[in-house]
Amino acid sequence: SYTKGMSHGRPLEFDPDQALDAAVEVFWGRGYEATSITDLLEAMELSKSSLYQAFGSKQQLFERCLARYSDGLSTRMRTALEEGTSGRRFIEETFMAVARTAQQPDGAKGCLIANSASELGQREPALAASRPRERAKPSAIWLRQELPVQTKATRRRSLVKRLRHRH
């Protein structure tokens, strides 16, 4: 097990990354409001004191989960874009991957960021949109592609609507 010294209390005796990944899965599957501290404790295999010592409040944990999810998604997309042959091909491959994922049992969960924005956007706009959006700024590579950004966004929304109606 992972042990990291803390300034207060006992050292952590668990892997914080593994615990955070477990929390991401719980929030992603249930949503913020429907997720209880008990759900998180069971999935993360932590005591209440360990959870609060390592991650703070439920809201702080949720923000870290959104950041972890967003960072992973951004890294995968940036890598695919940089390795792709064109912006158009990247978009096509991205949407085909989304369509394939949506047809899998885990695909029913959708996107954690979109789900969270939908669930919390009106009541908690800062919580729903602050950090992931800041991390998702377009890279210079996007600016060099053959389509204007607005055109890409419009086409993406249209394609997502068509994919959802097909299945």
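Biologist: Which residue caps the N-terminal end of H1?

Modeller: This is a predicted model, in which local features need pLDDT of at least 70 and side-chain atom pairs count only at pLDDT 80 or more, while totals for chains, interfaces and linings use all residues. Residues are numbered from 1 along each chain as its sequence is written, and side-chain values use heavy atoms, with hydrogens and water left out. At the start of H1, a side-chain oxygen lies 2.9 Å from the backbone nitrogen of Asp 17, a polar contact being a pair of N or O atoms within 3.5 Å, one able to donate a hydrogen and the other to accept it, where residues adjacent in sequence count only if both atoms are side-chain atoms. The residue that supplies this oxygen, and so caps the helix, is Asp 15.

Biologist: How far apart are the end C-alpha atoms of helix H1?

Modeller: Helices are DSSP runs of H or I with at least four residues, and strands are runs of E with at least two, numbered from the N terminus. The expected span is 1.5 Å times one less than the number of residues, so the 15 residues of H1 (residues 16-30) should span 21 Å. The model agrees with this, since the end C-alpha atoms are apart by 21 Å.

Biologist: At what angle do H1 and helix H4 pack?

Modeller: The axes, which are lines fitted to C-alpha atoms over the stretch in contact, lie 9 Å apart, and angles run from 0 to 180 degrees between N-to-C directions. H1 is therefore roughly perpendicular to H4, a term that covers 65 to 115 degrees. The packing angle is about 95°.

Biologist: Into which classes do the residues of the contact of H1 with H4 divide?

Modeller: Contact means heavy atoms within 4.5 Å, and the residues that make it include Leu 20, Val 24 and Phe 27 of H1 as well as Leu 61, Phe 62 and Arg 68 of H4. Ala, Val, Leu, Ile, Met, Phe, Trp, Tyr, Cys and Pro count as nonpolar, Asp, Glu, Lys and Arg as charged, and the others, Gly among them, as polar. The division is nine nonpolar, no polar and five charged.

Biologist: Is Glu 45 buried or exposed?

Modeller: Glu 45 lies in the loop between helix H2 (37-44) and helix H3 (48-55), and it has a positive phi of about 55° although it is not a glycine. Buried means under 20% relative accessible area and exposed over 50%, with partly exposed in between (1.4 Å probe, protein chains only). Because its relative accessibility is 71%, Glu 45 counts as exposed.

Definitions and conventions. Parallel < 35°, antiparallel > 145°, perpendicular 65-115°, else oblique.
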